[in-house]
Amino acid sequence: MSSDLARKLHPQERLVLLSLKSGEAIDDVIARETGLPKASVNKAGLWLKLKGLIEYRDEKTFSISLTPEGRNYAKNGLPEKILLKLSEKGAALRQLKEKIPELTIALAWAKRNGWIDIQKGAIKITKEGKLALSKKTETEKSLETGSVQDERILAELKSRRLVTVSETRRKTFILTPEGKKLIPELAAAKQEIGQLTPQDLKTGRWKEKEFRPYDINTPVPTAVPAKMHPYVQFMNYTRQKLIALGFREVKGPFVETEFWNSDSLFMPQDHPARGIHDIFRVKSPNAGEVRDKLVLQRVAETHKNGWTTGSAGWGTWNPEQTLKLVLRSQTTAVSARTLAAGARHGKFFTIDRNFRPDVIDATHSLEFYQCEGIVVGEGMNLRHLLGYLKMFGEEIAGAEKVRFRPGYFPFTEPSVELDGFVNGKWMELAGSGIFRPEVTRPLGVDVPVLAWGIGFGRLAMIKMGITDSRDLFNHDLEWLKNQKLVI
Amino acid sequence: MPIITVDPDDLKSLIGRKVSDDELRRILPLNKLNIEEWDEEMKIEVTPDRPDLFSTEGMARQIASWLGITIGLTKFDIAKPKIEVVPSKVSLRPFITCGAVRGVRMDDRMIKSIMQLQEMLDLTLGRDRKKVAIGIHDVSRVVPPFYYKEILPNEVSFVPLNSSKRMNLRQIIAEHPKGVQYAHLVKGAKKWPIIVDSKNQVLSFPPIINGELTKVREDTTDMFIDITGSSDSLVNYSLNILLAALEKRGAKIEAVSLGGKLKPDLSPKLMEVDADEARKLLGLEIGNKDIADLLERMGYGAAMKKSRADVLVPAYRADILHPVDIIEDIAIAYGFSDIRPEMARLPSTGEASRMEEFSNRIRELMTGLGFQEVLNYTLTSSERQFSWMNVKAEPVAEIGNPMSQDYSACRRWLLPSLMEDLRTNKHRKFPQRIFEVSDSVVPDRSETAASNVRKLCGVITHSQASLSEIISILNAIKENLGAKWEMKPCRHGSFIPGRCGAILLDGKEAGVFGEINPKVLLNFELNNPVSAFELDVQAVSGHLRI
């Protein structure tokens, strides 16, 4: 039973108990011997007392400190002693008055000590006085050493206001018989290791010690890592998937001419999506350029009369409107630029911001990311488009199954909507189509171009486990801390 | 996208054979008709390219055809004209077209559907009556010939629809709800359009409002339709769509003599489609005969001449600009649910954009340095970017039609956004270290007069945040990137004088750092010192030849 008790002792309790081998010790001494802080010694002592292994003895001690007057006397001597010395040299009372400012005190104490007699105004040193001259008095010693043994001296010093006295309590730990029984066992037991120290490793001492088992369920504060923003994590997640599927990433500017944002995509210049309620117009700078005059010319002709694309065209074209600047409203503009830059074979994508006037709420934003791409190559057809869509649905959105619907985009024909069965329900995942000849031919492209755009914000929200699209741009540190990694 | 309200029973009965709810649920989305709601009524979202589907009648025609119940081109019988319309020059709305129907048996569902169609056409094809405005009249109340002309706004007065007060055109614009709503379409013009009968009774004040006189009622059987606008083709498409819908209800179409020409023209348009082209684009193994059948299932007339299809496009199809539009319909007739996806063989190597790749390396470095990433909007205000930051305004891309002043310009630098973030997080735990890697927008001489410039901004705030702390971060970035930049003391209003530096990369300024000026801290209501840096990532990437 006792060994069970020994085993359950906290290491600090053991240390304290072992320091009591001689039977008892003062807490200060224990602290010095064990190297523990005094608070820990007292805490361990309390536990040991509750277990009946030790008892306490409380004692009071006094410590004195000198007052300014006391310090003065300690340095220059007691006035009664000075009186004695001067008197011995035969100084008259008048002279004493000059030399000793505290003459009254000096006379009073010299008389009380029985060092002098005053007869007819003259000081006569007694036998005791002579003795006092030959050595230091107890009072003097006490002042010089700052410690007092004699209660009577202490009383004198106190009454003369030469010292102040403070009381300290000290605690003596005393082994009980129960405690005494444990000592040999504790001394024999291997020492336990709490925190493994470099010293333990260096000296090999850890081999003789035992590792104290820790409670793994003790609550500890959670560390806070610095992370990438969860939306950025999702962008990288999607980026990696698309790269693995052979897509190359392309970029385009936020400020865009209407030419690239809409005209090159064969959206009629009076299309509702180009109105001031659906697109941000840039006030300053106020106009851009289209430096590729050949492409500009072809796009203009296509709008006017279909050019050589076989289309009827829109019958109208305003060359000033095309140079107006807007904030890009669709990343499809980047696809148009990619084609104009010479893409004739391959797969391209972009993940980037777009802008549309809207009221910011849980489902609308002025700024939103889109993920769009194109597949350019001879022989590409609608079934290939569906093949890519199916793969996106399964790979990126994690859909269990997918389905296709005809859709509409001004720049594609045919157009396809992709639905996926995600988290137990059907949702729209992507819009897509094959670029119209009115889009590709003016850009100098004679091969089919499959174009697609993923409902990026919505997918991100599913992956991030959020329902408010404003959280896509959340920058609250507490929220970010709690947000899981996008895996 | 347009949402059309449909009575499901009405739709089913117009289709012409029994269709179950489940079947309808499956079929509609395969025909560009997406069911948004289905209670007592259906709300159906129609793609905007198909205004001919903006009515129950149009949908029923499409579904009946797709199911093979009534295939091929609809033949419209048009009776000889009894009504004459005399057009004259109307500068505001130069184009007019007209049509008439007789023997209509009105019921509630039909009125609702036709009114909805009229509204949707006005709104979409008509760009909210700007390009097209439709008037439908009970023709029994007026006496032809009718006259389309322009008059002075106070020349004629009449009782407008849903009113009992006689008003002249100017009063209507000022007082009548529709007048107020559409006033912008006539204001500024000297003369305004009007349609009157032979007795000078007003049928319509296009594009604002009809007269109460010719209001269509439940007992109306004979109707006259006027469509005015700025586009000849669009007014005629609108007329054709409307007449086709009425025809589906059993109305007899009657021609109108418009300045000597007969209207409507419901004859189909011929377009040639190359069957090989169709097979190539769709990837479907379908023969020429299949193609002809599929076209007929979409309401076209089709005659194959070897691999060339002579396609007769119905007069109500406003969306057929190019043979690819017809090719898509072949796929729709085939059924999008039946097209098998195929994996393309198009070998290519994937690659991230170098700037994104580089940005990700920087993100890894910054998180490694204990900085949490934040993401902010590009849109902000000039005030926040400059006056709040205690610096002179610089050129920015500014929006002409902002939704609010807070989002009225593109950010030229990121630091103001991160200062805002610190304000949001002022009651969170300290120390705080955040960063952002994003594009700023800087006006320049490029084609778009402004370019994206990728930047990195990092800020530190706690009670001891200091210059040396931020320099130590910058040194870590410099050394880990292998960049060679110099730091030079500089003056910058956002920072404390004497505690601010510029980063010089190949002799050019590519960044700034320091302890944030207390004036700026107060502007952002911050209580703790902040040290910060902003670095031009684009310049660094150029320097490193990435």
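Predicted model: local features only at pLDDT ≥ 70, side-chain atom pairs only at ≥ 80, totals over all residues.
Two residues are in contact if their C-beta atoms, placed from the backbone, lie within 7 Å.

Sorted by class, the residues where α6(A) touches α8(A) are nine nonpolar, no polar and one charged. The axes of α6(A), residues 79–88, and α8(A), residues 103–112, come within 8 Å and cross at roughly 85°. Because angles of 65 to 115 degrees count as roughly perpendicular, α6(A) and α8(A) are roughly perpendicular to each other.

Chain B is assigned four domains, whose bounds are listed in the table; the centres of domain 3 and domain 4 of chain B, taken over C-alpha atoms, are separated by 57 Å.

| Domain of chain B | Residues |
|---|---|
| domain 1 | 3–66 |
| domain 2 | 78–263 |
| domain 3 | 270–334 |
| domain 4 | 354–543 |

Chain B also holds an open sheet of three strands, in the order β16-β18-β17 and with antiparallel pairing. Its edge strands are β16(B), residues 269–274, and β17(B), residues 301–305, each of which pairs on one side only, and the twist from one strand to the next averages 25°. Five bridges link β17(B) with β18(B), residues 308–313, in the antiparallel sense, and B:Gly301 stands opposite B:Leu312 in β18(B). Helix α9(B), residues 288–296, packs on this sheet by touching β17(B) and β18(B), with its direction at about 165° to that of β17(B). Helix α10(B), residues 323–334, lies across β16(B) and β18(B) and runs at about 75° to β16(B).

The contact of the two chains takes 73 residues from chain B and 78 residues from chain A. On the side of chain B that touches chain A, the elements that give two or more residues include α8 (275–282), α11 (354–368), α13 (415–424), β23 (432–443) and β24 (450–461) of chain B, while α10(B) gives the most, with seven residues. That side of chain B divides into 33 nonpolar, 22 polar and 18 charged residues.

Strand pairing also reaches from one chain to the other, as strand β10(A), residues 282–284, is joined by two bridges to β21(B), the strands running antiparallel. Within this pairing, A:Val282 has B:Ile399 of β21(B) as its bridge partner.

Key:
Residues numbered from 1 in each chain as written. Chains lettered and ligands numbered in written order. Domains from an automatic or database assignment. Pairing = 2+ DSSP bridges. Helix = DSSP H or I, 4+ residues; strand = E, 2+ residues; numbered from the N terminus. Axes fitted to C-alpha atoms, helices over the stretch in contact; angles between N-to-C directions. Parallel < 35°, antiparallel > 145°, perpendicular 65-115°, else oblique. Nonpolar A, V, L, I, M, F, W, Y, C, P; charged D, E, K, R; others polar.
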